[in-house]
Each structure stands twice: as C-alpha cells, then as structure tokens.
Amino acid sequence: MEQVKCECGHVNPYGTAFCEACGKPLEEVEKPLLDMRYEGSARRSQTYNKTVIDKIWNFFSSVKVGVWLIVITLIASAIGTIFPQKMYLPPNVTPAQYYEDEYGWAGKLYYELGFDNLYGSWWYMLLIALIGVSLVICSLDRVIPLYRALNNQGVTRHDAFLRRQRLFSATKIEDARLLEAIKERLAKRRYHIREENGNILAEKGRFSRWGPYVNHIGLIIFLIGAMLRFVPGMYVDKVLWIREGETKEIPGTNGEYFLKNEKFTFETYQKGKENAVFNAAIDRVGSGMVAKTYETKAVLYKRVGPVIAGEEPKLKKIKEYKIRVNEPLKYDHYALYQVDFKLNELKSMSFALIDKQTSKSFGMITVDLLQPKESYDLGNGYRVELLSYFPDFYFDDDGNPNTKSRVPNNPAFVFKMYAPDKPKGEVSFVAIRQTIEPFGNNKYKMAFAGIDTRNVSALTVRRDFTLWVLGIGGAVFMIGLIQGMYWNHRRIWLKQTNGEVWLAAHTNKNWFGLKREIQAVIDGTGITMPIDQAEIAKKAQGGDEHGTA
Amino acid sequence: MMKKQRLVMRTVVLLLLLAAVGYTIYANFFTEKTEIKVGATAPDFELTDLNGNTHRLSDYRGKGVFLNFWGTWCKPCEREMPFINEQYKAYKKQGVEVLAVNVGEPKLSVQKFVDRFGLTFPVVIDREDQVMNAYEIDPLPTTFLIDKNGKIQAIITGTMTEEKVKQYMESIKP
C-alpha cells in the first residue's frame, strides 16, 4: 500500500490522520478540533487487511473485542457463584448427581457446562488466554505507531495543526525577544525545548505515554506466572488434617516428608492473665472470647530410602517447630500453615459393665475409637464383644445403623455382654445418650463411664515457585499505572508567522494544570492567553439547548 | 518488502501467543500434574490385609490387577462389591487379581463388612492414607485397571454395574 508524502516532505504511513512531522491534516475532517488520540498515527490493524493472519490480528487489535472478552469473563465468573463450586461440595458425593438432585435442570446444566469448576474449565481458561492475546496485540498495535509519531514530530507545525488544537491563541507582537524569556521560564518548569527557525516545541512528561503499555506488560507477566502453576512441580496446595500424637505423610510431597503433631493448642485472652491494656477490650467481648493463639507443635521428618506407599517408613528427624497463624513451618520450599482445627475429637470411650438392677459394676472397658479391639475380657467369666462399630452413626435409608464417615463424630456400638449367668450373651446397641436392647430386656448394661479426647489440627501444604513471577508482574503493573497516572504529557508550540506569535498546547490529561502553567509562562509577555476551544464549543452547544428549551 | 516483513512479524507474534495458550490448555487438560494417569506405571505400594499378609503391587507383575479403593460408609462402594466378588471368582483363574484398598477404617469395621458380603479377594487397609495420597483418590469408589506390565489402563470413578466389572476384568486379562 502506498505511503503518503506531506507537503513538508515527510513520508507518512498509509492511514495517518495528520502528518507526523508538521501536523498538517492528511484526511479531510469536518470537526473543528483534531483528534489527538495516538497522535493521529495509523493504527496498522485498521489499514492492512489482506491475509488470514491480518484478519486474526485485526480481530484481536480491537479494543472493543478486548472489552467484550472481559465482560464475558466477568459474567461467567458471576454465574459461577450461583451454585457452590465442586470443591465445596460435601465429601463423598458424586458431583454429577449432586447438582441435579439439589438444583434440578439448572444444576445439571451448570455441571455440564463446567461452571462447577469454573477456574478449571477449558472455556474459562480459553477466555483468559484470549484476553492475554488481545492485550499483547492491542498494545503492540498502538505503542509502535505512537512511538514512531512522537519520535518523528517536528518543531515547526502546520498552521492547520496549531489552529485546530484545543488550546490556541494568536498574538500580534513586535518584539520577538519575548520568546527568549518564555523559553527560560519553560526550561525552569522542566520542559524539554527544541527550536527551529524561531519556532519552539516545549515538551515534558512524554514517558507518561508509555504507562499503559508498561502496565500491560505487567499484566502479561502476571498471566505467565498464573500459567506456570500448571507446570508440574511448580505449585502445590493441599490440606493435611492431623490428630495429636499422629505421624502422617505430608500430601503433595510424593511421600517424602512426614509430620508429627505433638500438641495442638488453642488459647484465648483471659481476664486477669493479660497485660492490663487489654482489660477494656476483654471486658467488652467477655473473657475467653477472643482467640490468642492457634499453635501446632510439630516435628518434621524426612523419609529415608525409596518411597513405597503404605510401607512403614524409616524416618529421619529434620526439625521441630511451633506452627502458628502466619508463622509457617518452612522447609525445602514447602510451607505448612495453620489453617483450621477441631477441638476435643473423641479418642476413646469407656464403659462399665453393670447389672441394671443393682448397678453393681463388673469391670470397665475402654474402646479406642480409631482402632477398636473386638473382645474385652473382664475376668471372672465376664466378657464383652464388640459386634459392630459406627464411628459416625446414623440410620440409613433402609433404617439400619450405619456410618457417615470414618471420623468418630458420633460413635455407636453393638456390644455382646457375656456373664456367668448369661453364657449366650446379651446384645446391646449403645450410642451417645441412648441404649437399645434389640432382643428384649437385658440383665446387664454397658454404662457410659467417660471419654478421652484430643485435638485435630489442619495445615495447608503450600509450595509455590510462581510467586516471584506474580510479584514482578504486579510490580511492573503498578509502575505502569503510576507512570500513566501521575505524570502528564504536555506540549506547547510557539510559532512566528506574519508578525504574529501563535501558541497552541496539548496534554493527555489535566487541562486545568496545563492552562495554569501557560498562564505563568506568558505572564507579562503580552501574549494572549489561549482559549479553550473545546470548552467554548461545549458552552455554545449548551446555550443552544437552553435557548430551544 | 515492508508488507512481507509485517506479515512475518505478525505470524511470529501470533504463533508465540498460540504456543503459550496451547501449552496452558494442554498442560491442564491433557496431562495429569502427577504420575497418576492412564499409561503410566502404577505407584508401588505395600499394605497388609486382614489376615496379616502383606501385598506389594509390584509382586503382581504378569497379572492384571483390579485395584479398588473403598470405604464401608460409601453406598456406591457397597453396591459394586458383590459384583466384583462374583467376577473375581471367574477371572482369578485367568490371571486377574483384585486388591481392595480400604481408606483407613478400623479393622473391625472392615472385617465385619468383608464377612457380610463374603468377599474372597484380599482386602488391605491404608491406615495412614499414604496410598490414597499416592493415587490421589477422590472420590470413592475409584478403581484402577492395571495391566500385566504394571501400567494403568483405565481409571474409573463411581459405581460399576456387574456387566462393566466383567468388561474391565476382561480388558486386563494377561
């Protein structure tokens, strides 16, 4: 496609709105003011549209397309909050069934379209990826022509360019030495000054124009960081529930590390025990109501030798550490954070075998709730057998006792009690606060005699090699934002023509500040303060409306 | 010449972006983040059954292994157990072994369950969740079909019909 040569001699790319060097409008425009966006440069996408590559490029180069991609992503994200995400469903349900049972056809559709695991669904990731592509192409397509236009700009501007700037004035002037004074004042205000045939271009804060693009680079680095999470080994995020006294494999470490929970402590602020400054606060909410510490006293072990799951591991102690909120145990890039807890989980229950009539006890048994024994001998011919055990007891749909999980939340037992006078045994169903005798009246009873509990701690296992990439992305993002927000790109043109001095000015934001600056610069020089042509046009329009109303 | 350069530049940029997007989607959906995937070698493990015998997966090389993870509270597991038991009787002679891994419940509960259904295949208990972690079990039941070379042939989550169980056992016959 041919290029356009301006009368000033500069060769512009096809599609340029006004000459890069002198600013003479190259296209016929009806509007009184020039559209200064992108310096009138030819956004390339708008000009070449030949091959398939060009068509794809032009599609992504459109800001409209980019905005729509973002809007669609936002709507999808919003829909994803209507029903719970898959990861928050109760354990041991089948998602396909659960959504349909709970929410009917809408739930089924929700599941089938992948809203149940929104951030992991292929089309959501594709949307994010397309936003990334749009970001790159939009930026490239604008920053290169903009750079070119700003780099090629001339000092002497065409009259039509100056007259059609928003701020413009023309002053009849005899003494051209005034310009020297103005130049000095501009230099003092950190304007970069270029001069050509007695014409002046004063410019400052050009680097502010690169802010949006720096910001986009930051976003792209951030997206790359997010992408790295899918690379094996880069990111681990698991939860470990561990009871006091237990030693368990740390999930996500491929069987390499083990953790022992020696003790979990939950402390609150107690009246009288704390520093006096806390008294008022403690009084307000009540003693023992505010959490002070969540702490897991842990020992970290490393497995020695080859990893074979299930095999009794040979362990080497690495270190002891008290894990508190925000004070994770860190080792080998893994971090274990205190995240949740459960106080007083049942550990064992004790029962006494008694005669229901006399309440005479024939001995006590203690049932370990994680690994109960089958038979308990009390001596003298008294014996108890555990026929069935339900750690998390409920009656299922068929009306049979069953367990909801393997966690001893609500234990229930079927005991068979043997005594010298009951050699065939009596069966008793014992749950918390209830005893059922399924085969009629028993002579003996398992009387509740106490419990033993322990605390359970939940730790998040985290390993994240993408964090520094995300950090850099975030920092670059902020730098770009600041660069574009807190500096303005200001330009002031002064041109001597036919005994007049023409003054025109442009800024990308904060016109008020620019006007004040011009006022200060021309003060006392006799140059007319430029008028704001945009404001006048607006006022004229407003006045018309008023008139007709 | 300018035009050619532009086309090349655009093509290169688009290809780079396509590669990045393609890799992300591929890495996330067509590969597993761990070694647990169809075609990979099943992680070795060693667990003890109710009779005190240890079972090591690698000792079963040369046979097809029907590896089932289950819990007594899990109703879908309960439904498919009798089917597995029935088919096991037929396929045991043909070199298919069943290993049922219980997810760390009390031996008592597991024993009662095994007795209730008269299960004849070895039932091992994963007391410390190590094997569950290694196989990334979620949800129950999950069944791994492992061929005679120790490679994972298929991963089935959810309950199976007797017909399916039969089909699966047939597929890993050595």
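## The surroundings of His489(A)

Leaving aside neighbours within four places in sequence, His489(A) is in contact (heavy atoms within 4.5 Å) with ten residues named here: Leu150(A), Glu203(A), Lys204(A), Gly205(A), Arg206(A), Ser208(A), Arg209(A), His506(A), Thr507(A) and Asn508(A). His489(A) sits in the loop between helix H9 (467–486) and strand S22 (490–497) of chain A. Helices (H or I, at least four residues) and strands (E, at least two) are DSSP runs, numbered from the N terminus. His489(A) counts as buried because its relative accessibility is 0%; buried means under 20% relative accessible area, exposed over 50%, and partly exposed in between (1.4 Å probe, protein chains only).

This is a predicted model, in which local features need pLDDT of at least 70, side-chain atom pairs count only at pLDDT 80 or more, and totals for chains, interfaces and linings use all residues. Residues are numbered from 1 along each chain as its sequence is written, chains are lettered from A and ligands numbered from 1 in the order in which they are written, and side-chain values use heavy atoms, with hydrogens and water left out.

## Arg209(A) and its partners

The side chains of His489(A) and Arg209(A) are joined by a polar contact of 2.9 Å. A polar contact is a pair of N or O atoms within 3.5 Å; within protein, one must be able to donate a hydrogen and the other to accept it, and residues adjacent in sequence count only if both atoms are side-chain atoms.

Arg209(A) also forms a salt bridge with Glu39(A), with 3.2 Å between the closest N and O atoms. This pair links distant parts of the chain, 170 residues apart: Glu39(A) is in the loop between strand S2 (11–12) and helix H1 (52–61) of chain A, and Arg209(A) in the loop between strand S5 (199–204) and helix H7 (211–228) of chain A. A salt bridge is a side-chain nitrogen of Lys or Arg within 4 Å of a carboxyl oxygen of Asp or Glu. Glu39(A) is buried because its relative accessibility is 5%, and Arg209(A) is buried too, at 11%.

## Other salt bridges

Over all chains, the structure holds 46 salt bridges. Lys317(A) and Glu320(A) form one of them, with the closest N and O atoms 2.6 Å apart. Lys317(A) is partly exposed at 47% relative accessible area, as is Glu320(A) at 46%. Arg166(A), Lys515(A), Asp532(A) and Glu535(A) are linked in a network of salt bridges.

In chain B, Arg116(B) forms a salt bridge with Glu78(B), the closest N and O atoms being 3.8 Å apart. Arg116(B) lies in helix H3 of chain B and Glu78(B) in helix H2 of chain B, so the pair ties together parts that are 38 residues apart in sequence. Arg116(B) counts as exposed at 55% relative accessibility, whereas Glu78(B) counts as buried at 16%.

After H3(B) comes Gly118(B), which has a positive phi near 60°.

His55(B) is in strand S2 (residues 54–56) of chain B and counts as buried at 10% relative accessibility. The His55(B) side chain makes polar contacts with the side chains of Asp49(B) (2.8 Å) and Tyr60(B) (2.7 Å).

## Where the chains meet

The contact between the chains takes 53 residues from chain A and 43 from chain B. About 4,300 Å² is buried between them, and carbon and sulfur atoms give 60% of this area. Arg10(B), Trp73(B) and Gln130(B) supply 18% of the area that chain B buries against chain A, more than any other three residues. Buried area is the accessible area (1.4 Å probe) that two parts lose on being put together, summed over both.

Six salt bridges are counted between chain B and chain A. In a salt bridge of 3.9 Å (N to O), the side chain of Lys112(B) meets that of Glu374(A). H1(B) gives the largest share of the side of chain B that touches chain A, 16 residues.
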